[in-house]
Structure formats: C-alpha cells, structure tokens
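Subject: A structure for you to look at

Hi,

Here is the structure I promised to pass on. Have a look at it first, and then read my notes below.

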Amino acid sequence: MRTLSSETIHASCIAIDGRAVLIEGRSGSGKSDLALRLIDRGASLVGDDQVIIRRDGAHILATAPETIAGKLEVRGVGIVTLPAQNDVSVRLIVSLVEAEIERMPIGTTRLLLGVEMPLVSLRPFEASAAAKVAAALNHLAH
C-alpha cells in the first residue's frame, strides 16, 4: 500500500534514534522550546511549527515544508538553522498542556491519518519535560 493521505499540521517534530515525536500545542505553548531542549539532548530537528505528515502503508512519516526545512524559532534569539531529517516515522504524539497531569495515565492514543499513535500530555516548561519525552518514546513507542 502506498501513500494514502497527507496533511500539514501545526506542530513541531524531532527525531530520536530514527523515531519521530510530534509536539502539539497552542501557539506560544512551548513547542519550539521543548524541541530545542530535546535537540540539546541529542535529538534531530524534523520540523518546527508546521509539519507535513503522510501515511505510507502502516507508517506515518513526518517532514518539514520545504520553505521552513532546517529552521527553528528560538524565542529571544531568532530563527536558527539546524540540520534536519525528512520522512521520519512518527511514533509518539506529545500534547502540551497547562493543567495538572495524571500521575499514572492509562494508555491514551489518537488516530493520525488512520494509524493509532500513543499520546502523552506534558507540561512543557517542567525541568523534566525533555526527559519525559525520551522516556515516553522508549516506554510507549516500539
């Protein structure tokens, strides 16, 4: 089965060991900031602010629109250029929230272009947020 559908979504995306993490949240919620902290821990940029996702068989692949590929907004610094990856398999969705987070959430998922993806909600500015993304990716996304 080849590409079934694609769309551009409002999210940032990083890759850790070839596995993409979509970071979603309202404008100004900390998507780029969390992506930057993950990149500082060794992740790679896929896309910032807008990401093209497309389904290819049972996989969802993420890439940045050509016009913003390799660009990351660093608040207080400006737009910086970084190496970026394309067509990385999405394995996790991180939803940024301001509300309290459940201590022991029960396996939450979301359909993304018809493929069920693990979903975690995180408070983006907690000191442990980047570590929690890495832990969730290792724990939930096989």
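A word you will need throughout: a residue is buried when its relative accessible area is under 20%, exposed when it is over 50%, and partly exposed in between, with a 1.4 Å probe and protein chains only. Please keep in mind that this is a predicted model, where local features need pLDDT of at least 70, side-chain atom pairs count only at pLDDT 80 or more, and totals for chains, interfaces and linings use all residues. Residues are numbered from 1 along each chain as its sequence is written, and side-chain values use heavy atoms, with hydrogens and water left out.

Let's start with the overall fold. The protein chain has two helices and eleven strands; here helices (H or I, at least four residues) and strands (E, at least two) are DSSP runs, numbered from the N terminus. Along the sequence, the pattern reads β-β-β-α-β-β-β-β-β-β-β-β-α. The radius of gyration is 14 Å, close to the 14 Å that the globule rule gives for 142 residues, so the chain is as compact as a globular protein of that length. That radius is taken over C-alpha atoms, and the rule is 2.2 Å times the number of residues to the power 0.38. Along the principal axes, the C-alpha atoms fill a box of roughly 40 × 40 × 25 Å.

Of the 142 residues, 45% count as buried. Contact means heavy atoms within 4.5 Å, and among contacts with a separation of 6 or more, residues 24 or more positions apart account for 68%.

Now for the salt bridges. A salt bridge is a side-chain nitrogen of Lys or Arg within 4 Å of a carboxyl oxygen of Asp or Glu, and by this rule there are six. One of them joins Glu 24 and Arg 110, with the closest N and O atoms 2.7 Å apart. This pair links distant parts of the chain, as Glu 24 sits in strand S3 (residues 19-24) and Arg 110 in strand S10 (residues 109-112), 86 residues apart. Arg 110 is partly exposed, at a relative accessible area of 31%.

Arg 37 pairs with Asp 33, the closest N and O atoms being 2.8 Å apart. Both residues belong to helix H1 (residues 31-40) and are four residues apart, about one turn of the helix. Arg 37 is partly exposed at 24%, and Asp 33 is partly exposed at 34%.

Lys 132 and Glu 126 also meet in a salt bridge, at 2.6 Å from N to O. Lys 132 is partly exposed at 35%, as is Glu 126 at 29%. Together with Arg 123, these two residues are linked in a network of salt bridges.

Finally, which backbone angles deserve a look? Most residues other than glycine have a negative phi. Asp 49 has a positive phi, near 80°. Asp 49 lies in the loop between strand S4 (44-47) and strand S5 (50-56), and is partly exposed at 36% relative accessibility. Asp 87 has a positive phi too, near 50°. Its place is in the loop between strand S8 (78-81) and strand S9 (88-96), and Asp 87 counts as partly exposed at 40%.

Enjoy exploring it!

Best wishes
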